[in-house]
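Please take a moment with the sequence and the 3D structure below, and keep both in view while reading. The paragraphs that follow move from single residues to the contact between two chains, and then to one chain as a whole.

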Amino acid sequence: MLVELDPSTKKTLRKALRNRNIRVGGIIVATFVLMGLLAPFIAPYDPTKGNLRDSLLPPCSKYPFGTDFAGRDILSRVIWGARTSLIVSTVSVFIAVIAGVLVGGLSAYVGGWIDEVVTRIVDVMLSFPDILLALFVAAIVGPGLENVIVAVALYNFPQFVRIMRGSALQAKEMEFVEAARAIGESNASIFARYLLPNSLAPIVVHATLRTAASILTAAGLSFLGLGVQPPIPEWGQMMSDARTYLVTAPHVWIFPGIALFITVLGFNLLGDGLNDVLNPKMEV
Amino acid sequence: MLLEVHDLRVSYHTDEGTVKAVDSVTLSLGRRETLAIVGESGSGKSTLALSIIGLLPKTARVDGSIRFLNKELTSLREEEFRRLRGDRITIVFQEPMTALNPVFTIGKFMRDIYLTHRGGTEKDALSLAREWLGKVKVPGPEKVLSSYPHELSGGMRQRVLIASSLMLEPDLVIMDEPTSALDVSVQAQILRLIAELKSQVEASFIFITHNLGVAAAVGDRVAVMYAGKIVEMASKEEIFSNPMHPYTQGLLRAVPKVSGGEVEPIPGSVPSLVNPPSGCRFHPRCPLADERCAEEEPALMEVGSGHWVACHRVSGSGRW
Ligand SMILES: Nc1ncnc2c1ncn2[C@@H]1O[C@H](COP(=O)(O)OP(=O)(O)O)[C@@H](O)[C@H]1O
Ligand SMILES: [Mg+2]
């Protein structure tokens with residue numbers, strides 16, 4: 001957030017490193033991100049090509065996580081699945097943050113009937129449970145990687161509108177915004193340099209938490225066949241494939257399940273930790 | 001005259017009704033002059049200040065005229081007004097804890113003011129900022145430049161804001177209760193600093209306070225405001241030696257004295273400005289009020305050279 005390492009940033013950083021949620025969550029998230037980025041180099045096998053003779057093998061020295069019905073290496077598919085989740089969650093949250101910050105911030109800043117209309121729409125969108133809104137969109141636009149991104153971005157969008165609007169309204173009431181006007185700052189400059197940066201902390205925290213929820217929702221959509229389509233490896237879809245062998249070959253769903261669980265946990269821990277460290281700063 | 005306010009009326013539209021926060025105020029300010037405006041909280045001082053610098057909320061309606069540097073400010077385009085603000089007219093607010101953006105360093109804040117209005121280089125901006133931090137007696141200006149607001153005390157922040165308000169050599173500096181939010185010991189230091197700086201710069205000042213003692217210490221002239229109106233205006237010597245309006249006299253008795261002694265607050269409080277009292281707005285609290293005061297509004301009249309009062313008991317039937 002702040003480029004130069006001044007004393008107060010250093011203090012925040014030290015506080016962050018002492019926070020256990022941040023340390024544990026950070027390690028998990030870093031592992032997940034590295035796995036996603038380096039998938040082509042660290043996965044032992046091609047995740048899409050299988051050997052039917054090796055179908056449904058339990059974990060062994062050749063395949064540490066075993067194989068699925070098509071004889072594909074589950075470890076490689078879990079690693080590549082991280083890449084899919086990483087793309088879907090970060091791109092969709094990124095889109096939602098940008099759109100939400102612009103709409104929420106402007107809505108608060110401009111006020112009047114525009115703000116009222118925006119608030120109403122957001123309230124309606126938020127009244128649907130996450131997965132329902134995503135399901136609805138996915139059902140309309142159809143399955144596929146890009147469409148999952150759109151669906152997940154859309155369900156995240158109203159949340160960021162609300163957060164940004166709230167903190168922009170708060171910042172707007174701060175005297176420094178009036179003081180900024182008093183030194184001749186323009187509206188655009190006040191929005192970009194006063195309201196935005198002062199709303200950043202809650203946005204960062206929420207973006208982290210929403211990444212967790214987005215990974216879960218994207219996996220859910222894929223599990224239901226409305227998400228990422230084969231042959232692209234995806235954890236939810238892998239678990240869905242395992243439905244027929246739930247008991248006979250549990251390793252097919254256990255490993256992607258564990259990966260999903262740990263990753264979501266990691267983002268939630270990181271988000272909680274960031275919340276502890278960043279938000280007291282807003283008290284000033 | 002640098003500033004001429006004529007028959008200024010400002011009202012806020014609220015759910016409870018129209019608040020006539022400033023009602024028919026006329027005043028003028030010469031170059032290098034300091035006008036202190038004094039009155040209890042809710043008498044419209046801040047509203048008057050905000051109307052001069054053009055920062056009233058959208059719910060406010062302004063009538064009358066404010067002429068500054070031969071420009072009519074009430075009809076000035078926002079574009080043009082923005083160029084005046086922070087450059088020709090500056091303001092120091094009451095609350096230094098929240099007047100600075102928490103995400104900017106002091107250096108960035110001061111540098112931006114310079115760059116917004118002067119252009120020029122970052123280096124010039126910073127050296128001017130450093131120079132002014134020295135003038136407001138901030139210890140270690142270099143370190144303060146790289147500090148964030150929350151690292152500074154209230155008094156330090158107010159010094160920074162005062163430096164920022166004077167840095168570009170403005171024509172008019174408005175200070176709206178600049179010491180009211182500070183510790184008593186710091187208040188005195190800041191007041192001394194302001195008095196000192198006043199003699200070093202070319203600017204004119206409007207200094208707002210609720211303490212008549214402070215007003216007379218800082219101002220060349222003092223205007224006493226009550227319920228949106230100026231009720232008395234005179235040189236500081238006159239205000240002290242010959243206060244005429246019963247409200248001014250009340251304020252004078254309410255000033256804490258160095259010698260100790262009893263402070264007598266004026267009984268009652270400033271009335272709602274949605275439905276102000278009829279006649280003289282002070283009559284419900286005035287020890288001298290009669291029927292006429294409740295019916296007829298007294299006009300502001302010159303009773304001596306440069307001494308103006310709005311009171312029936314003074315201007316109507318001679319001294320009482
Ligand atoms: N933004 C506003 N909206 C409505 N009423 C206001 C607003 N600002 C001030 N007022 C009212 O205007 C009157 C004068 O307030 P103000 O100018 O702040 O006085 P002072 O600075 O002397 O305390 C008060 O009655 C106050 O409640
Ligand atoms: Mg005020």
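Ser51(B) counts as buried because its relative accessibility is 7%, where buried means under 20% relative accessible area, exposed means over 50%, and partly exposed lies in between, with a 1.4 Å probe and protein chains only. This residue is found in helix 1 of chain B; helices (H or I, at least four residues) and strands (E, at least two) are DSSP runs, numbered from the N terminus. If residues up to four places away in sequence are not counted, Ser51(B) touches Leu8(B), Val10(B), Leu56(B) and Ile66(B), contact being defined as heavy atoms within 4.5 Å.

The structure is a predicted model, in which local features need pLDDT of at least 70 and side-chain atom pairs count only at pLDDT 80 or more, whereas totals for chains, interfaces and linings use all residues. Residues are numbered from 1 along each chain as its sequence is written, chains are lettered from A and ligands numbered from 1 in the order in which they are written, and side-chain values use heavy atoms, with hydrogens and water left out.

Ile66(B) is also in contact with Lys71(B), together with Leu76(B), Glu80(B) and Leu84(B), when the neighbours of Lys71(B) within four places in sequence are left aside. Lys71(B) has its place in strand 5 (residues 71-72) of chain B, and it counts as partly exposed because its relative accessibility is 29%. Although Lys71(B) and Leu3(B) are 68 residues apart in sequence, their C-alpha atoms are 9.5 Å apart in space.

How much area do chain B and chain A bury between them? The value is about 2100 Å², with 61% of it on carbon and sulfur atoms; buried area is the accessible area (1.4 Å probe) that two parts lose on being put together, summed over both. The contact takes 27 residues from chain B and 20 residues from chain A. Between the two chains there are seven residue pairs in polar contact, both residues being at pLDDT 80 or more; a polar contact is a pair of N or O atoms within 3.5 Å, where within protein one must be able to donate a hydrogen and the other to accept it, and residues adjacent in sequence count only if both atoms are side-chain atoms. On the side of chain B that touches chain A, helix 1 (45-53), strand 6 (89-92) and helix 3 (106-118) of chain B each supply at least two residues, and helix 3 gives the most, with six residues.

The count of salt bridges between chain B and chain A is one, a salt bridge being a side-chain nitrogen of Lys or Arg within 4 Å of a carboxyl oxygen of Asp or Glu. It joins Arg193(A) to Asp112(B), whose closest N and O atoms are 2.1 Å apart. Asp112(B) lies in helix 3 of chain B and counts as buried because its relative accessible area is 9%.

Turning to chain A, the reader can follow ten helices and zero strands. Its C-alpha trace spans about 75 × 45 × 25 Å along the principal axes, and buried residues make up 48% of its 284 residues. Among contacts in chain A between residues at least 6 apart in sequence, 73% join residues at least 24 apart. Within helix 3 (residues 74-110) of chain A lies Ile87(A), which counts as partly exposed because its relative accessibility is 35%.
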